[in-house]
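Dear colleague,

Please find below the structure I am passing on to you. My notes on what was found in it follow directly after.

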Amino acid sequence: LFFFCTATSAHAAITYSQDIKPVLGKHCAECHDSLGHDPDLSDFPFLSIKFLTQIAIVDRMLERVKAREMPPGVSPQLNQQQISLIQQWREEGLAP
């Protein structure tokens, strides 16, 4: 008798509301909200724009965060775990 096992993903899907919003709220929302700098990162999905534009916004955000350009100045930077979480969320399709 042979038993075959298949590998399955052990992590739950990363979502904006549960995983990403708290990170952006801590590090980005002070400036990037509906009253501040573009883009407004306070809510997702970004209902007023197309999905491809949402991807572009997240890609640009990741570039700036990885380059340590954002958050600016002496503001606390995202740690590698937070950056990886956003990257994985992006790769999984930006679940709300």
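I begin with H27, a residue of helix α1. Please bear in mind throughout that this is a predicted model. H27 has a relative accessible area of 12%, and because the cut-off for buried is under 20%, H27 counts as buried. Its side chain comes to 3.1 Å from the backbone oxygen of P76. When residues up to four places away in sequence are not counted, H27 touches P71, P76, Q77, L78 and Q82.

Helix α1 also holds V23. This residue is buried as well, because its relative accessibility is 8%. Leaving aside neighbours within four places in sequence, the contacts of V23 are C28, L78, Q82, L85 and I86. For V23 and I86, the separation is 63 residues in sequence, while their C-alpha atoms are 8.9 Å apart in space.

The remaining notes concern the largest pocket. Its volume is about 400 Å³. It is lined by 22 residues, of which H27, C28, H32, M70 and P71 are the closest to the pocket centre. Two or more lining residues come from each of the helices α1 (16-27) and α2 (51-66). The greatest contribution is that of α2, with 5 residues.

With kind regards

Key: Residues are numbered from 1 along each chain as its sequence is written. This is a predicted model: local features need pLDDT of at least 70, side-chain atom pairs count only at pLDDT 80 or more; totals for chains, interfaces and linings use all residues. Side-chain values use heavy atoms; hydrogens and water are left out. On a 1 Å grid over the protein atoms alone, a cavity is a set of points where a 1.4 Å probe fits but cannot get out, and a pocket is an open set with protein on both sides within 12 Å along at least five of seven lines; lining residues have an atom within 4 Å of a point. Grid points are joined across faces, edges and corners, and a volume is the space filled by probe spheres set on the points. Helices (H or I, at least four residues) and strands (E, at least two) are DSSP runs, numbered from the N terminus. Buried means under 20% relative accessible area, exposed over 50%, partly exposed in between (1.4 Å probe, protein chains only). Contact means heavy atoms within 4.5 Å. A polar contact is a pair of N or O atoms within 3.5 Å; within protein, one must be able to donate a hydrogen and the other to accept it, and residues adjacent in sequence count only if both atoms are side-chain atoms.
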